[in-house]
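Visitor: I have a model open and would like a quick walk through it. Can you take my questions as they come?

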Amino acid sequence: MKILFTFYVPSGGIDTLNRQRCQVLKQVGIEGHLLYTTPGSVIHNPTSIPMYTTSFDEDISQLIRTHRYHLIIVSSDYLLLERLRRLGYRGPILYEAQGLGHISLAERTVQEAVPYLRQYAAGVHLPKTAHLIQLFRKYCPWLPQYSFPNVVNTDTIHYKYNPPVPNPIIAWVGRLEANKNWKHFLEIGYWMHYYMPNVRLWMFYDSTIYTEEDRQEFEPFIQKLNLQNILTIRDRVPHAHMSDYYSMIGDSGGFLLSTSQAEGFGYAVAEAMSCRCPVLSTDSDGVRAFITHNITGKFYPFGYIEQAVQEGRSLISDQALRAFIREQGVYHIKNQFSPSKYQADFLTMLNQVLVLTHNKRK
């Protein structure tokens with residue numbers, strides 16, 4: 001059985017999701033293919049999974065005719081639903097609510113998608129994220145909804161020993177955009193260094209994906225806070241290397257800081273936890289699936305810089321709490337987001353979609 005997963009660009013959390021689910025679904029007889037409509041940073045994440053990068057109608061049409069996919073899952077790009085039908089695909093299409101961004105943007109996207117979902121979609125697949133579930137119940141009550149956690153493949157994303165780093169590292173992973181909230185990371189990092197001068201900052205981002213306003217403000221903001229000497233910027237790190245970095249951050253005595261306004265899932269948080277790297281995060285909805293405060297991680301209220309600094313200092317200095325959070329974080333990810341659980345949930349969804357599609361055609 002072949003399934004095609006589509007998205008705009010091979011970068012970020014959805015690219016991570018696509019790679020991981022294709023790996024684990026192959027174990028249960030499902031061959032996953034990936035289609036991205038813009039190139040992005042695909043060269044930085046080589047893979048054996050069949051991957052196509054094109055926006056041309058003739059290429060997509062040829063792909064559909066050649067592989068005769070049993071199901072196509074379209075993430076975010078609701079306009080592609082109509083396009084796939086126009087290009088000749090007659091099988092079931094699921095819309096996937098991943099990568100929709102801040103809650104207000106997600107709501108606007110769902111509102112705009114309604115006529116396309118009504119006409120072309122067999123259902124919607126979404127993680128167990130409260131604001132996404134509420135939006136689809138509100139605007140698409142007639143649409144079959146399949147909600148279950150994404151997979152975190154700890155067979156490949158796990159702790160790896162590396163030579164120790166001499167300073168506690170506070171790290172951030174994201175894009176230069178308002179929702180990822182990079183400014184708060186730098187502000188919190190400034191105050192963490194003020195109270196703990198040995199702290200260092202690492203930023204992981206993709207320099208090809210940004211909003212123009214944020215890109216222009218980025219370097220001046222770093223200079224304004226005088227962070228040049230303690231900040232290391234890592235651009236487009238291959239995903240295969242992130243386990244090493246997360247493990248080093250955890251072993252350094254530092255943590256991952258997630259400053260997002262809203263997350264649909266939050267792969268960086270889940271993967272850091274699976275590598276024994278503790279996480280301090282805003283209470284950004286999707287991350288609630290991973291973090292229970294002072295058990296599997298730490299929360300702080302969005303915008304409260306001073307409280308974030310207090311929690312961050314605690315996470316570095318309270319060794320007993322830190323060790324507990326690291327252990328519980330790994331256990332939680334392995335227990336709740338395992339490949340076997342995802343395989344079972346996905347197969348249940350797939351069978352229901354295929355049965356519903358078959359019944360409609362009778």
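Visitor: What kind of model is it, and what are the ground rules?
Guide: This is a predicted model: local features need pLDDT of at least 70, side-chain atom pairs count only at pLDDT 80 or more, and totals for chains, interfaces and linings use all residues. Residues are numbered from 1 along each chain as its sequence is written, and side-chain values use heavy atoms, with hydrogens and water left out.

Visitor: How many helices and strands are there in the protein chain?
Guide: The protein chain has 12 helices and 13 strands. They are DSSP runs numbered from the N terminus: helices are H or I with at least four residues, strands are E with at least two.

Visitor: What does the radius of gyration say?
Guide: The protein chain has 21 Å, and a compact globule of 362 residues would be near 21 Å, so the two agree. The radius is taken over C-alpha atoms, and the globule rule is 2.2 Å times the number of residues to the power 0.38. Along its principal axes, the C-alpha trace spans about 70 × 40 × 40 Å.

Visitor: How much of the chain is buried?
Guide: Of the 362 residues, 55% count as buried. Buried means under 20% relative accessible area, exposed means over 50%, and partly exposed is in between (1.4 Å probe, protein chains only).

Visitor: And contacts along the chain?
Guide: Take contacts with a separation of 6 or more: residues 24 or more positions apart account for 70% of them. A contact means heavy atoms within 4.5 Å.

Visitor: Switching to helix H8. Why is it called largely enclosed?
Guide: Nine of the 11 residues of H8 (residues 242–252) are buried, so the rest of the structure largely encloses this helix. Among the buried ones are Met242, Tyr245, Tyr246 and Ile249.

Visitor: What covers the buried residues of H8?
Guide: The cover includes strands S8 (169–176), S9 (200–210), S10 (231–235) and S11 (255–258). Helices H9 (267–274) and H11 (319–336) are also part of that cover.

Visitor: What comes just after H8?
Guide: Gly253, with a positive phi of about 95°.

Visitor: Salt bridges next. How many are there in the whole structure?
Guide: The search finds 15. The test is a side-chain nitrogen of Lys or Arg within 4 Å of a carboxyl oxygen of Asp or Glu.

Visitor: Give me one from helix H1.
Guide: Asp15 and Arg19 pair at 2.9 Å, N to O. They sit four residues apart in H1 (residues 12–26), about one helical turn. Asp15 and Arg19 are both buried.

Visitor: Are Arg215 and Glu212 buried or partly exposed?
Guide: Arg215 is partly exposed at 39%. Glu212 is partly exposed too, at 36%. Their side chains form a salt bridge at 2.5 Å, N to O.

Visitor: What does Phe5 touch, beyond residues up to four places away in sequence?
Guide: Its partners include Arg21, Leu25, Leu35 and Phe346.

Visitor: Last one. Where is Leu347?
Guide: Leu347 is in helix H12 (residues 339–361). At 29% relative accessibility, Leu347 is partly exposed. Its contacts, not counting residues up to four places away in sequence, are Val28 and Ile30.
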